[in-house]
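Please follow the description below with the sequence and the model side by side. The paragraphs move from charged pairs to strands, and then to helices and cores.

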Amino acid sequence: MTIDIKQVIEVTKKHHLLLKEETMKVNESGLDFQVVFAQDENGTEWVLRLPRREDVMPRTKAEKKALDLVNQYADSFQSPNWIIYTNELIAYRKLEGVPAGTIDHNIGNYVWEINVNNVPESFHQSLGRVLAELHSIPSDKARELDLIVQTPEEARTSMKQRMLKVKETFGVGDDLWHRWQAWLNDDDMWPKKTGLIHGDVHAGHMMIDKDANVTGLIDWTEAKVTDISNDFVFNYKAFGEEGLDALILAYKEAGGYYWPKMKEHIIELDAAYSVSLAEFALVSGLEEYEQMAKEALGVKNDRG
């Protein structure tokens, strides 16, 4: 279903937001929301999110609470501030900067705004500062807002239960299963503190300025209080151990929570990515993801 621009203008008018029709750009890529970028009469840029189905909006309640909390505490970075939040429209002023990278489905990879073969130091340093500030937001405030809050023990137990369910459903190759168990049973690997995480840090959700400083984070649907390591995995995937080392150092220098086996723990968390892949395969029911999950889990596919 394509967007009717005239209809969008009527909806925004109802909420006293007057936009210039000629500035409207539509992004149809989202599964849950249609997105429109536009300018108002003062030249201010806006992002509009219009739900595709009725079931979408109830699931935004936790994201709204997380954003309100982050906007209350964050000084060093921007996050969306939903000025309009109704069943038919979410609208906020566009954050400064551009995404660090955008996914090009034709090549199956990111088109980057930075040199990935020589990542600017400013990128790692600013991301470290952003994550240190985010993870230090008081967990009790998140609990008051009924966000998911896990203790270190609960985060570890949750991972163990998720692994067991995946093994029961799809199976797991022996080598990978032994690796997971060694990680789960190593007390020194696991953090003794949890924090408020973004939960989906990747190039498309990081806004950067012209000097490659991370200035903001968008799309907070996965925000919760849990293992902070989740917010470091992308840096390892994208830039290897060197990138992970640089981010951990910047994070530590910015006052972020650090423990001796933090790096090893993040690498092991990345090695468990097939858990999330298998869970998505179950929820979506898509056969292609089931095949991908089985391959990542090291079990035989049904295909010949």
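A salt bridge is taken here as a side-chain nitrogen of Lys or Arg within 4 Å of a carboxyl oxygen of Asp or Glu. The model is a predicted one, in which local features need pLDDT of at least 70 and side-chain atom pairs count only at pLDDT 80 or more, while totals for chains, interfaces and linings use all residues. Residues are numbered from 1 along each chain as its sequence is written, and side-chain values use heavy atoms, with hydrogens and water left out.

By that criterion the structure holds 18 salt bridges. One of them joins the side chains of Lys263 and Glu241, at 2.7 Å from N to O. This pair links distant parts of the chain, since Lys263 belongs to helix H8 (residues 262-271) and Glu241 to helix H7, 22 residues apart; helices (H or I, at least four residues) and strands (E, at least two) are DSSP runs, numbered from the N terminus. Lys263 counts as partly exposed at 22% relative accessibility, and Glu241 is also partly exposed, at 42%, where buried means under 20% relative accessible area, exposed over 50%, and partly exposed in between (1.4 Å probe, protein chains only).

Salt bridges that share partners also join Asp32, Arg53, Asp55 and Arg59 into one network. Asp32 is partly exposed, with a relative accessible area of 26%, as are Arg53 at 37% and Asp55 at 40%.

Turning to the strands, two of them pair if DSSP finds at least two bridges between them. Strand E2 (residues 33-39) is joined to E3 by 7 bridges in an antiparallel arrangement, with Val47 in E3 as the bridge partner of Phe37. The hairpin of E2 and E3 has 5 residues between the strands, and in it Gly43 takes a positive phi near 90°. E3 is also joined to strand E5 (residues 90-93), again antiparallel, by 4 bridges, and Arg49 stands opposite Ile90 in E5. Because 6 of its 7 residues are buried, E3 is largely enclosed by the rest of the structure.

A separate topic is the open sheet of 3 strands, which has the order E6-E10-E11 with antiparallel pairing. Its edge strands, each pairing on one side only, are strand E6 (98-99) and strand E11 (214-217). Helix H3 lies across E10 and E11, running at about 45° to E11.

Helix H2 (residues 61-73) has 13 residues, and its buried residues are Glu63, Lys64, Ala66, Leu67, Leu69 and Val70. These pack against several elements, including strand E3 (45-51), helix H3 (121-135) and helix H4 (139-144), contact being defined as heavy atoms within 4.5 Å.

Finally, a nonpolar core is a set of buried Ala, Val, Leu, Ile, Met, Phe, Trp, Tyr and Cys residues joined through side-chain atoms within 4.5 Å. The largest such core has 76 residues, and those with the most contacts inside it are Phe123, Met163, Trp180, Met206 and Phe232. Helix H7 (residues 233-253) supplies the largest share of this core, 8 residues. Apart from it lies another core, of 15 residues, among them Ile3, Val11, Met24 and Leu89.

Key: The expected span of a helix is 1.5 Å times one less than its number of residues. Axes are lines fitted to C-alpha atoms, for helices over the stretch in contact, and angles run from 0 to 180 degrees between N-to-C directions.
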